[in-house]
Structure formats: C-alpha cells, structure tokens
Amino acid sequence: MSMYGRDPWGGSLEIHADSVTDDDRSRNLDLDRAALSMTSRQLDETQQSWLLAGPGDQGKKKKKYVDLGCLIVSRKLFLWSVGAVVAAAALAGLITLIVKTVPRHHRPRPPPDNYTLALQKALMFFNAQRSGPIPKHNNVSWRGNSGMKDGISDPSYGKGLVGGFYDAGDAIKFNFPASFAMTMLSWSVIEYSAKYDAAGELGHVKEIIKWGVDYLLETFNSSADTIDRIATQVGQGATSGGANPNDHYCWTRPEDIDYPRPVYECHSCSDLAAEMAAALAAASIVFKDNKAYSQKLVHGAATLWKFSRNQRGRYSEGGSDASIFYNSTSYWDEFVWGGAWMYLATGNASYLQLSTHPKLAKHAGAFWGGPDYGVLSWDSKLTGAQVLLSRLRLFLSPGYPYEEMLRTFHNQTGIVMCSYLPVFNSFNRTKGGLIQLNHGRPQPLQYVVNAAFLASVYSDYLEASDTPGWYCGPNFFPAGALRDFARTQIDYILGKNPQKMSYVVGFGKRYPKHVHHRGASIPKNGVKYSCKGGWKWRDTKKPNPNTIFGAMVAGPDRQDGFRDVRMNYNYTEPTLAGNAGLVAALVSLSGESTGVDKNTMFSAVPPMSPTPPPPPAPWRP
C-alpha cells in the first residue's frame, strides 16, 4: 500500500508502507558499528594505515608524533630539540669548567703617572718629620722616638706636648705653619678622596692628618668651652743668645736631643687660633664617619674660634721667637678663612655671615690688591678663602644675604686665576717658566705649589658646575687653561727645568743629595753626637747618609739656578707647609680622570632656603 503526496520541489513524494521502522534502522546501525569495532581491534597499525590512506599515499612512511599534553609535535623535531638542549648544556658546562680551571689574566692597570708616583713619595716626608713615639709602620728606618719629654721638661709649662711634626730641617714644632699644613691636606682629601684611594694613599694621608690635629688638641684645653692661652711652639730657634744650645745652634738628631726645649704660649693670638680652628674644622669633615672624633674636633675648633675673636692680637707680636721664622702680618685673613671652614664643619650660618661681611673682607685686603694679592701661604689665607667661598656659590648658591659678597669673592677668584696665566704680566717668570709668586725672593716653591693646587681645583669646580671657563677682561679662557698652568709648574718642580733636576727628593734620576735636614744628614750608627759634635755632618760635602724621600726643597733662584749645599737653607731646606701644598697639587693632577667630590664638603651644611630680600622702602613723591 502506498500513499502519494506532493513534493514541494515539484516531484511526487512516495512513502512505502512496508519500509522499516526507525527502531529497526538504529538497531542495524549499532550492529554495524560493533562489527567495525571488532574488525579494527584485529588490525595492526600498519594495516590501519593502509585502510585510512588516501589515493596516492600508498608506499609513503607515516610521520610519527609525540603528545606533550598541551602540544603535539613531530617526533623527529622533538628529538632534535632535546638533543640541541643537551648539547648546549654540555657546552656551557665545559666553558664554565674551563673558565674556573684556567688561570685568570686580568688586564693590567696602566702604570701610575708621574704625579701619582711623586704623591706617594711626598707623603713619606711627613713620616720623617714625626715627633713622639714613632709607629711601627712608619717606614723611615733612620727615625726613632724623640721629643718624649716635650712640655714636661719645661718647668714653666709642666704638661705633656708629645707628638706632632717637626717643622723643617730642625726639631722645632711651630703651630702656625703646621696648622696650615693640616688644613691644606684636609682640603685635598675632601676634594679628592677617590684619587687618594686609587693611589693607595687614602689611609696614609688620613693618618698624617690625625697625627697633626691630635697634637694641636694637646696645645690648649680642648675639652673646655673657653680658654685663655695656647701653646704656640716647642723648641727655640733664635741664635742671638750666643752658644746656648738650642734647635738651630745645635746639629743633632732629634732622637739625641738633650738640651732644653722651651714651650711658648700666647694669650692674644687671633691669627694662630683661627688657623688652628680651620685645621680642626677641616679635619672634622675628613673624619665625618667617625662621629665621636669628628665632634671632638668641632668642639675644639669652636673653642679656638671663640678665643680668636675675643682675644685680639697677632701671635708673633713683640719680637717673639716665632716672628723670626713665621711672622704673621695680620689676622683678618684668618678670620675669613677660618670662618668659612667653621661654617662648612658646622652648618652654623653665623660663621658664614662673618666670613662674608664686607668690613671683614676689607680688613683682609680683598678690595685693594697689592703685590702679594693672589698668593696663598702659611701667612696669607685670603686667596684660599676666596676660592673656598666661590665653591659655595657655584654649588649651593645660598643667595641673600650672602650673594653680594660671594659674587665679589667669585669675581676676585677669577682675577686671581687670570694672574696665573702666562699671557698676563701680573707675576714674573724665570726663563725656565717658574712663576715668581714671591717676586724673586728665596724659597719660591712653597708658593708655587699652593697656586698650582688652587688653579687645578678651581678648574674642577668650573667643570663640575658645567661652566666651560671664565673671562679675563674681554677674553674667554677655558677651564683647561688652569690645569695647563698647574701642570707646567709641577712639571718644573719634578724635573722639567734648566737644571734637569727634580726638587722632590727621591723622585727622578737627579735630585738634591745635601738636604738641609739634621736627621737625614747624620748617620744612624749608634753614636750620639753632641750639640757641636754634629757640626761635622752639617759641614761635610758628602751626600746625606739618609734619603728623606718626598721632601720638596726650597727651590731655585730667580735665574733657575740651584746650589745643592746643605748649609744654604734657601735652596735645600724642606718644610711642612711646602710639602702639604705639593701633596694637594699632586693629587689634584693625578690619575686619568678629573673632578672633585661635590657633596662631602657640604655634609654638615643644612638644606638652604634663601631668605627673601627685604621689601623696598615705601615710595614717596
């Protein structure tokens, strides 16, 4: 039986009554699947591949894959990847093994330059000048303990003054030039500690400074807030007393001294007290990481500063023994210089207000020049103060109320730097090129090294403040011109001069052999020579038996001439102050890099917020 209906696409739709039902079809389909399943279980992988292969796939090898869980990759690619990783690991291990077992060959450092070599020797001079118990690591074989009864041996003083440094070729301890020497060394460490460290001398120079300032602390009551006296000198130099034994009449090793060593005191000595305050203040910045010691130095400096301001006077007045050798001409420059260091060590603005007071600057000679304007020495500190305060303006710019005077000092520093350049005639020069800062007088090198340091450090100030140079009138000069000046002067001292002689003992092939120095000229042979018994070593024409390494002698005359004669101290005597300036100049020029430590100098200075200037007076018609 059939039924007919209409096909919606135009044909007939025929349904057979005898057709199988849906259940029958489903049952037959399940049976077919089961049969196929049983057949597939009986076929191996190769047979299945034959059945599943399409036309043209017969005879081709099927690719194999590896299931990594989240990724299916070709088995061949997987094996190559694993092999590459294993090989790379093996190679890395082999390289590591070779690196660890083969001796390392670091690229050698370049040899030290001449300035670094000379610096290392120049510091040794201070070891040779030590008074008191000599440390085991002093490295000067011909020196021993000396001055162990200083202070106590003078009944009028009766307190210990052991330690410190002998000033020059004698055994006198002068506080005035020694304090200046310590200030200069500290300044150089604050600016160039990285260079000292690179030269392997940072610990050495800090030890020298500590030896010096520790002795200064002995010369007054450093634990008190107020004092009325300072011990200024140990030993006597004047020979006007005839044959009375003293440190200049006698020619004796310091270790063998048995004659009286008087102590000199002062009760009104503004210059000395202010310079000592500067030395302690500068050293407190050097030792800022040792807070207890640094504060001890600051307290001592404050006590000295108070004394210097309250008890006015020059320490060398009245024809004292010191006036013959280290006469101070004024104390106003020490007020500017010492006040600047006190401000940097404490951050107390009252010190800066004093240092930048126009009347104080006027008294110090800041506005009138003069033949020695621009010359830094143990007596005249104005130029050093001007450079130091210019640093403050360049890096911190404190503004009102200090700006006007700081700008004046900055301009004056520029004028001083111009005077050092050879294109100007402010100072004469020898034919060999040595600047005559002391106008042809004897012992010129101590002034030259100070100027070389100021020029070099000021050049670094300009570069650190992104200032390419400065003007001398209408002419512009790059900062490098100052370093060139410093180099030519130091090179002259190290041997580039008409004499072809180094004026630093032990540096170069030719240097002075008859240095005016008692300890260096008398052999350490177990014989104790009396006051006059040592004269034979003073007068002999033979070279000194002991080499006083690093000592910078007084220097040549204004014709570049030099006499290597022991008795002529104007040529052959070294000094603490001279060597301190030499060390500062050498470290500033040493090494491959330039630049100062901008921030350490201001470690005690609080953040500055300039005070606004007062409003103008009301307008009146």
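Two residues count as being in contact here when their heavy atoms lie within 4.5 Å. With that in mind, welcome to this predicted model.

**Helix α5 against helix α10**

- Helix α5 covers residues 175-198 and helix α10 covers residues 332-346; their axes come within 13 Å and cross at roughly 40°.
- That angle makes α5 oblique to α10, and the crossing is left-handed.
- On the α5 side, the residues that meet α10 are Phe-176, Phe-180, Thr-183, Trp-187 and Ile-190.
- On the α10 side, their partners are Glu-334, Trp-337 and Trp-341.
- Sorted by class, the residues of this α5 and α10 contact are six nonpolar, one polar and one charged.

**Helix α7 against helix α10**

- Helix α7, residues 270-286, has an axis that comes within 8 Å of the α10 axis, and the two cross at roughly 25°.
- Because angles under 35 degrees count as roughly parallel, α7 is roughly parallel to α10.
- Here too the helices pass in a left-handed crossing, α7 against α10.
- From α7, the contact draws on residues including Ser-270, Asp-271, Ala-274, Glu-275, Ala-277, Ala-278 and Ala-281.
- From α10, the residues that α7 meets include Phe-335, Gly-338, Met-342, Leu-344 and Ala-345.
- By class, the α7 and α10 contact holds twelve nonpolar, three polar and three charged residues.

- Strand β8 (residues 469-472) pairs with strand β9 (residues 475-478) in the antiparallel sense, over four bridges.
- One of the pairings joins Cys-472 to its bridge partner in β9, Asn-475.
- Two residues sit between the strands of this hairpin, and Gly-473 there takes a positive phi near 65°.

**Disulfides**

- A disulfide is a covalent bond between the sulfur atoms of two cysteines.
- The count for this model comes to three disulfides.
- One of them links Cys-250 and Cys-531, with their sulfur atoms 1.9 Å apart.
- The link of Cys-250 and Cys-531 is left-handed, with -90° about the S-S bond.
- Cys-250 lies in the loop between β6 (230-234) and β7 (263-266), while Cys-531 lies in the loop between α17 (518-521) and α18 (535-539), so this pair ties together parts that are 281 residues apart in sequence.

Methods: Residues numbered from 1 in each chain as written. Predicted model: local features only at pLDDT ≥ 70, side-chain atom pairs only at ≥ 80, totals over all residues. Heavy atoms only, no water. Axes fitted to C-alpha atoms, helices over the stretch in contact; angles between N-to-C directions. Parallel < 35°, antiparallel > 145°, perpendicular 65-115°, else oblique. Left-handed = near helix turned anticlockwise from the far one by under 90°. Nonpolar A, V, L, I, M, F, W, Y, C, P; charged D, E, K, R; others polar. Pairing = 2+ DSSP bridges. Disulfide = S-S within 2.5 Å.
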